[in-house]
Amino acid sequence: MKHELQELEEILLIPKVRADGDALGALLANDFFEIGKSGRRWSRDEILEALPEESPIGEARITSFEVMALGEGTSLVSYDLELGGSITRRSSIWQKIDNSWRIRFHQGTIADEST
C-alpha cells in the first residue's frame with residue numbers, strides 16, 4: 001500500500017497529468033479539498049480549473065514518505081516535497097472508492113529552513 005500511495009502522489013506531480021482535467025479528476029474524490037501552502041482553501045472544482053493553467057512545476061522529489069492507516073480503506077500520507085530549491089511538508093488523505101484510491105484532502109506547508 002505504501003508504494004502504491006507514493007506512486008499516486010508522484011503521478012499528481014507529473015505536468016501532463018496536472019494539465020489533463022480528466023486524468024486529474026479521476027484521482028480526486030468528489031468532495032476533495034486542499035489547503036495550499038499559502039493557507040488558501042481550494043475546492044475540487046477550483047483545482048480542476050487552476051492546475052491545467054499552471055506552469056509546469058519542474059523536477060520534484062518526495063522524501064520521508066510515511067503512511068498511517070486511519071481505518072479500512074483510508075490512509076493518511078505525509079512526506080516532504082523538494083521543489084525549486086524549497087521544501088514543503090505535505091499530507092493527504094486517500095480513500096478506496098469503488099476499488100480505486102482517490103485523494104480526499106491535501107495540505108502543503110512551507111518547511112522552516114532550520115528543521
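In this predicted model, the buried residues of helix α1 pack against α3, β3, β4, β5 (86–97) and β6. Those buried residues are Leu5, Leu8 and Glu9. Viewed along the axis of α1, they fall within an arc of 100°, so they line one face of the helix.

- An α-helix has 3.6 residues a turn, so residues three or four places apart point the same way.
- The largest nonpolar core comprises 21 residues.
- Within this core, the residues with the most contacts are Leu5, Leu24, Leu28 and Trp94.
- One of these, Leu5, is also among the buried residues of α1.
- Two or more core residues come from each of α1 (2–11), α3 (21–27), β1 (28–35), α4 (44–50), β3 (60–71), β4 (74–83) and β6 (100–110).
- Strand β4 gives the most to the core, with three residues.
- Residues up to four places away in sequence aside, Leu28 touches Arg44, Ile47, Leu48, Arg102 and Ile103.

**Ser75, a buried residue of β4**

- Ser75 is located in strand β4.
- Ser75 counts as buried, because its relative accessibility is 1% and the limit for a buried residue is under 20%.
- With neighbours within four places in sequence left aside, the contacts of Ser75 include Met1 and Leu5.
- Ser75 is also in contact with Val67, Met68, Ala69 and Leu70.
- Further contacts of Ser75 are Ser92, Ile93, Trp94 and Trp101.

**Salt bridges**

- Side chains of opposite charge can pair when their charged atoms come close.
- Four salt bridges are found in a search of the whole structure.
- Arg104 and Asp31 meet through their side chains in a salt bridge, with an N to O distance of 2.3 Å.
- This pair links distant parts of the chain, with Arg104 in strand β6 and Asp31 in strand β1, 73 residues apart.
- Arg104 is partly exposed, at a relative accessible area of 29%, and Asp31 is partly exposed as well, at 41%.
- Arg61 forms a salt bridge with Glu82, and the closest N and O atoms of the pair are 2.9 Å apart.
- Because Arg61 lies in strand β3 and Glu82 in strand β4, this pair ties together parts that are 21 residues apart in sequence.
- Arg61 is partly exposed, with a relative accessible area of 47%, while Glu82 counts as partly exposed at 27%.
- A salt bridge also joins the side chains of Asp80 and Arg89 (2.9 Å, N to O).
- In this pair Asp80 counts as buried, with 14% relative accessibility, whereas Arg89 is partly exposed, with a relative accessible area of 34%.

**The largest pocket**

- Rolling a probe the size of a water molecule over the atoms shows where empty space is left.
- The largest pocket holds about 630 Å³ of space.
- Its lining consists of 28 residues, of which Arg18, Glu34, Leu51, Glu54 and Arg90 lie nearest the centre of the pocket.
- Elements giving two or more residues to this lining are β1, α4, β4, β5 and β6.

**Loop residues**

- Glu53 is found in the loop between α4 and β3.
- Glu53 is exposed, with a relative accessible area of 69%.
- Glu53 and Arg18 stand 35 residues apart in sequence, and their C-alpha atoms are 8.9 Å apart in space.
- Asp98 lies in the loop between β5 and β6.
- Although Asp98 is not a glycine, its phi is positive, at about 55°.
- Asp98 is exposed, with a relative accessible area of 74%.
- Asn99 is likewise placed in the loop between β5 and β6.
- Asn99, which is not a glycine, has a positive phi of about 70°.
- Asn99 is exposed, with a relative accessible area of 73%.

Conventions:
Residues numbered from 1 in each chain as written. Predicted model: local features only at pLDDT ≥ 70, side-chain atom pairs only at ≥ 80, totals over all residues. Heavy atoms only, no water. Core = buried A, V, L, I, M, F, W, Y, C linked by side-chain atoms within 4.5 Å. Buried < 20%, exposed > 50% of the residue type's maximum accessible area, 1.4 Å probe, protein only. Helix = DSSP H or I, 4+ residues; strand = E, 2+ residues; numbered from the N terminus. Contact = heavy atoms within 4.5 Å. Arc of directions from axis to C-beta. 1 Å grid on protein atoms, 1.4 Å probe; cavity = no way out; pocket = protein on both sides within 12 Å on 5 of 7 lines; lining within 4 Å. Points joined across faces, edges and corners; volume = space filled by probe spheres on them.
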